[in-house]
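Here's a quick briefing to read alongside the model. Have the sequence and the 3D view open as you go through the points.

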Amino acid sequence: MTKEFPKKYSPKDFEELIYKSWEENWKFKPRKSTTWEQFYIPMPPPNVTSKLHIGHSVMLTLEDIMTRYHRMKWDATLMIPGTDHAGISTQVKVEEKLAAEWKSKKSISREEFLKECWDWNDLYWWQIQQQFRKMWTSCDWSKEKFTFEDSMNDKVNKAFVDLYNKGLIYKWEYMVNYDPVLDTVVSDQEVVHKEEKGKLYHITYFVSWSDNEVIVATTRPETMLWDVAVAVHPKDKRYKKLLKAGKKLILPIVNKEIPLVADEMVDMEFGTWAVKITPAHDANDFQVGKRHWLPLDNIVIWKDGRMTAVAWIFAWQDYKTARSNIVELLKSKWNLVKIEDHVSKVGYGERTWAKIETIISTQWFVKIDPIVKKVIKGYREKDFKIVPQRFNKIFEDWIFNLRDWCISRQLLWWHRIPVWYWPDWEMFCAETEELALETAKAHYWKDTSLIRDPDALDTWFSSALWPFAVLDYNMDGWEQPDLVKEFYPASVLETGHDIIFFWVIRMLLFWYEFTGQTPFKTIYLHGLVRDKIGRKMSKSLWNWVDPVDMIEKYGTDALRLTLSIWNTPWNDLKFDEANVENNMFFINKLWNASRFVSTNLEKVETDVDKLESELEKNYDSLMFHEKWILSRIKYLSDLVTKAMEDFDFSEAGQELQTFTKNEFCDYYIEEFKLTKDNSKYGAKVISYTLNKLLKLWHPYIPFVTEEIYHKIGFEGDLIEAAWGNVNLKRNEEIEKENTLILDIIREIRSIRADNNVMPNKTIGLQIYAKNKNAEIISPVLDLIAWIVKADDYKLVDKKPEWENLAFGVIKAWVEVYVDTSNALDVEKEVERLKEQITDTKEYIAILDKKLLNESFVRKAPEHLVRAEMDKKAQAKDKLKKLEEKLNSFK
């Protein structure tokens with residue numbers, strides 16, 4: 001033992017010091033692999049919009065578990081940290097700040113607004129840095145990146161130019177979602193659709209030069225001012241003659257002719273089976289317009305929800321006012337047939353909750369089809385795998401149905417699109433303005449100034465470059481740096497399952513295009529964090545959790561343990577602070593067990609391989625419980641190692657916790673106490689077991705395991721020690737025999753708890769067993785009595801009279817009989833039994849009332865009636881036992 005081992009576990013005393021020591025001694029940098037294997041994981045960069053939340057803690061915990069495991073395997077291990085400028089999110093936060101100061105982005109210059117964004121970035125970047133270190137991340141800080149730093153900007157420009165020159169980026173008119181508050185285009189995935197009560201307006205469109213008419217149903221009569229056609233289904237027999245004759249319709253109010261077209265887009269189950277077509281304001285109408293060569297760009301409602309100049313007398317009115325006025329005019333002209341109540345889905349911006357305007361707009365797009373084919377080919381050839389596998393279906397739904405990607409946004413805090421225009425709007429795409437000017441001069445043979453495209457790139461464009469841009473990947477295709485050569489592709493991309501489309505697929509698209517390879521071998525998707533009743537965490541619901549608060553109260557390791565053990569890659573995590581507290585108590589148990597070991601080791605065996613060899617050589621001289629614990633630590637090591645390789649961190653953590661609490665602390669240490677004076681190898685076995693246990697625990701709870709490792713006196717630093725592989729053989733026969741002993745102990749403890757026996761009180765105990773079972777129990781009878789606190793105990797081959805004894809059946813021919821009479825406060829126990837009897841009678845009365853209800857018995861499914869009857873039978877059985885127990889005290 002090299003250090004004083006305090007009685008109290010206090011994480012504040014050592015966590016910060018340990019992290020500082022690791023960082024100052026370069027423990028996070030990759031070292032040369034002794035296994036010829038590499039492990040590289042790029043940290044998904046958190047947004048610099050605000051402090052990290054509990055969801056980031058899950059991400060960091062799981063990534064750090066993987067990183068520490070591979071570091072202890074002595075693989076060349078690299079985890080690269082970074083942050084994301086988060087264009088749209090940061091701009092929203094800065095605009096909110098300006099609004100509080102009675103300013104707006106339009107009231108200040110572009111340069112002033114960008115300065116505000118940089119100030120915001122600097123504030124939260126520093127806070128996030130502190131949280132990273134507070135939240136355990138063992139990443140290589142010397143390689144930290146920011147998506148808006150110069151080196152990253154250069155790569156973004158190079159990527160854009162490369163795709164543009166290949167014909168994979170183009171500018172075109174298309175239907176987009178416009179958020180009027182953000183004043184920018186947003187993706188389909190950033191629109192939240194809510195069902196709202198509205199109206200369905202039935203409007204008569206008269207057939208030109210005819211007495212016929214077509215009734216059109218619409219929820220947006222305000223857009224009809226620029227209808228370009230009416231569509232009907234080609235199978236609708238009512239309109240076949242009109243279609244064949246090429247008849248046109250009269251557009252109400254405007255009084256111009258528009259064509260009647262047949263298109264299968266029309267839903268024959270909705271409305272009047274006739275749909276007005278306004279291509280500039282509806283995605284389906286836009287597609288119909290393209291198929292029938294109709295005018296596409298007649299915008300009647302502008303981005304801010306106001307009518308445009310082409311809206312005749314309704315120009316500049318907001319769309320709600322215009323709708324009301326148009327409906328009144330339709331009534332006066334006898335074109336309005338009727339108005340019905342109707343529920344429809346309305347799109348709102350997920351950040352602003354502003355109503356989204358769907359309009360036609362000129363934007364920049366990435367051509368997806370030529371690129372996605374490469375990703376699909378790699379997916380089918382298993383270049384990468386998705387964990388858990390059930391997300392393959394979601395991935396396939398996205399990857400097989402991708403549309404061209406709109407990459408332009410109308411924002412200031414973002415990467416500018418590297419395109420410049422000559423005064424006649426000739427485009428020049430280049431990495432820098434200087435290169436664009438050179439190209440323009442060579443084209444026109446004269447000097448002039450260029451105008452840069454005002455739009456910015458979608459934040460996911462730069463994020464898609466992250467895994468290898470952070471390795472300083474050379475986008476020019478020249479000689480790659482050593483980091484790329486050694487670590488390309490990444491071993492794992494770990495992230496939340498909610499951004500498969502936003503981020504994961506975009507990275508796959510770009511890196512298959514740029515390198516012809518997958519950017520990562522495994523995609524690990526973790527669950528989302530919700531509150532303890534399953535709600536999404538939100539500051540507005542007052543259920544938002546600051547991980548630093550949890551760390552201050554319970555320590556880093558307790559929070560890590562909670563987030564890893566209760567988090568599976570296929571389930572969301574219901575976060576409950578009580579679990580963090582319980583895990584702190586568990587870690588305290590490990591601390592006290594380790595402290596006990598340290599006080600009982602006269603000499604610490606630092607050469608674990610030599611110790612393992614000695615124990616294997618003298619295996620036959622070991623005591624029964626020593627062979628058992630070595631077999632169990634072998635089993636645990638194999639199980640945890642396999643679970644780590646299978647990314648099943650929850651199972652590994654739960655198995656570690658079960659072993660530590662039930663087998664190592666509650667059983668084996670008690671055996672050690674009883675036999676240490678008579679065991680030649682007891683100290684060596686417990687030293688070896690604890691050494692391996694600390695190594696297996698280290699990826700989960702690195703701080704306390706490192707501190708214990710030093711205080712015990714083991715050699716070196718645990719963070720870079722060899723992984724806890726156990727090379728001893730497993731003895732399943734001994735494990736099977738000892739399982740019987742553990743089952744007996746668990747049953748007796750359960751009886752003590754059921755009978756409210758205080759921990760400091762002793763009991764009487766008789767264990768009934770025969771033959772082989774008796775042979776197994778006899779040598780450890782004293783141990784069992786010691787653990788369960790029995791002062792009068794014996795092994796019997798005949799069942800005792802048990803009228804006043806509590807008993808439990810372990811298995812065939814093994815039963816325990818416990819006398820608790822001397823360990824109880826009789827008056828309190830009688831009072832407790834009377835309360836339970838009263839509660840049980842009330843419960844039976846409730847069940848009787850339900851079962852005597854003829855309506856319930858007649859109408860309810862048979863299995864529900866049977867279930868209620870079973871509940872009553874169980875309650876009556878419980879009541880009988882309680883009354884028997886009460887009578888025994890009389």
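This is a predicted model: local features need pLDDT of at least 70, side-chain atom pairs count only at pLDDT 80 or more; totals for chains, interfaces and linings use all residues.

**Around D546**
- D546 sits in a loop, with β24 (529–531) on one side and α16 (547–554) on the other.
- Setting aside neighbours within four places in sequence, the contacts of D546 are K51 and Q131.

**Helix α16 against α18**
- α16 packs with helix α18 (residues 577–599), the axes lying 10 Å apart and making an angle of about 35°.
- If you're checking handedness on screen, the α16–α18 crossing is right-handed.
- On the α16 side the contact involves M550, K553 and Y554, and these meet E577, V580, E581 and M584 of α18.
- Sorted by type, the residues of this contact come out as 4 nonpolar and 3 charged, with no polar ones.
- As a reminder, an α-helix has 3.6 residues a turn, so residues three or four places apart point the same way.

**The open sheet**
- Four strands make up an open sheet with mixed pairing, and their order is β27-β26-β29-β28.
- The edge positions go to β27 (790–796) and β28 (806–811); each has a single partner strand, so one side of each has no neighbour in the sheet.
- On average, neighbouring strands here are turned by 15° against each other, ignoring direction.
- Strands β26 (residues 763–769) and β29 (residues 814–819) run antiparallel and are joined by 6 bridges.
- To line up this part of the sheet, look for Y768, which stands opposite E815 in β29.

**Helices on the sheet**
- Helix α24 (residues 732–754) packs on the sheet and touches β26, β28 and β29. Its direction makes about 155° with that of β28.
- Helix α26 (residues 781–788) lies across β26 and β27, and runs at about 145° to β27.

**Helix α22**
- How far apart are the end C-alpha atoms of helix α22 (residues 682–697)? They are 22 Å apart, which agrees with the 22 Å that its 16 residues should span at 1.5 Å a residue.
- Is α22 largely enclosed or left open? Of its 16 residues, 15 are buried, so α22 is largely enclosed by the rest of the structure.

Key: Residues are numbered from 1 along each chain as its sequence is written. Side-chain values use heavy atoms; hydrogens and water are left out. Helices (H or I, at least four residues) and strands (E, at least two) are DSSP runs, numbered from the N terminus. The expected span of a helix is 1.5 Å times one less than its number of residues. Buried means under 20% relative accessible area, exposed over 50%, partly exposed in between (1.4 Å probe, protein chains only). Two strands pair if DSSP finds at least two bridges between them. Axes are lines fitted to C-alpha atoms, for helices over the stretch in contact, and angles run from 0 to 180 degrees between N-to-C directions. Contact means heavy atoms within 4.5 Å. A crossing is left-handed if the near helix is turned anticlockwise from the far one by less than a right angle, and right-handed if clockwise. Ala, Val, Leu, Ile, Met, Phe, Trp, Tyr, Cys and Pro count as nonpolar, Asp, Glu, Lys and Arg as charged, and the others, Gly among them, as polar.
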